[in-house]
Amino acid sequence: MKTPLTTPPLAPKTIAVLKQLDINCVEDLQLRGALTAFLQFKSISSGCTESLLWQFIAITENRSVQNITSAEKEYWRKQLKLHPPVAVFPVETIMQQWMQQALNAAQQALLLNEVPVGAVVVYENKLVGFGFNRCITDHNISHHAEIQALSAAGKTLANYRLQHCDVYVTLEPCAMCASALIQARVRRVIYAATESKTGAAGSVINLFANRQLNSHTAILGGIMATESQQLLQEFFKKKRH
């Protein structure tokens with residue numbers, strides 16, 4: 001049985017914001033994690049103070065705020081600084097809509113006999129960049145889908161910094177593309193299939209979570225992963241035969 005979020009200890013407005021984050025009970029908060037929930041809360045609500053973090057930690061650990069020691073608070077402050085960027089992502093239907101556009105771009109790569117990976121850049125729910133793999137066609141190793149899409153978006157918006165943009169890509173970015181996405185200050189990256197050999201969003205390394213870098217980009221994977229994997233598998237199957 002689900003354990004409801006109650007007042008006290010949380011204020012009614014806090015519970016209302018948590019519902020916007022799809023955190024509707026104690027179990028949801030525990031699953032999300034106190035740090036992630038706090039950072040997501042902070043991204044959509046003004047006036048968010050450190051005291052809310054202690055409340056979230058107390059709830060997830062089934063204890064009182066008064067029992068959180070000074071040493072524990074210092075530990076959590078350090079963990080907060082090390083936490084990867086977070087964001088509130090669009091609803092599933094919206095993400096699927098844009099990922100389908102990225103899959104359409106991947107089909108263009110397939111027509112050129114390129115590895116079928118596609119990417120789109122979205123600004124204020126409008127398409128501003130579209131790209132697909134063209135490395136073989138252009139004799140240029142840097143012409144991955146993400147680089148192509150970022151370049152197109154930069155021209156559309158007349159700015160190489162894309163901090164208010166989202167990028168949808170059909171395959172987990174490699175280190176080169178992850179670096180470009182971070183350098184462009186893209187707000188959110190949503191990818192479909194994981195890449196076990198070169199993935200730089202957690203499969204091999206996670207550049208987006210590396211706090212030594214000037215990171216701005218939140219990452220989410222698994223949106224329409226099956227469709228992307230099928231496209232890639234069919235491509236490589238034909239190559240082998």
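Predicted model: local features only at pLDDT ≥ 70, side-chain atom pairs only at ≥ 80, totals over all residues.
Close-up 1. When neighbours within four places in sequence are set aside, the residues in contact with histidine 83 are Leu35, Thr36, Leu39 and Arg211.

**Close-up 2. The aromatic pair of tyrosine 75 and tryptophan 76.** The count of aromatic pairs in the model is four. In one of them, tyrosine 75 and tryptophan 76 are arranged edge-to-face, with 5.3 Å from centre to centre and 75° between the planes. Tyrosine 75 is partly exposed, because its relative accessibility is 44%. Tryptophan 76, with a relative accessible area of 19%, counts as buried, since buried means under 20%.

**Close-up 3. The aromatic pair of phenylalanine 130 and phenylalanine 132.** These two rings are also edge-to-face: the centres are 6.3 Å apart and the angle between the planes is 80°. An angle over 60 degrees is what places a pair in this class. Phenylalanine 130 has a relative accessible area of 33% and so is partly exposed. For phenylalanine 132 the relative accessibility is 14%, which means that this residue counts as buried.

Methods
Residues numbered from 1 in each chain as written. Heavy atoms only, no water. Contact = heavy atoms within 4.5 Å. Phe/Tyr/Trp six-rings, centres within 6.5 Å; stacked < 30°, edge-to-face > 60°. Buried < 20%, exposed > 50% of the residue type's maximum accessible area, 1.4 Å probe, protein only.
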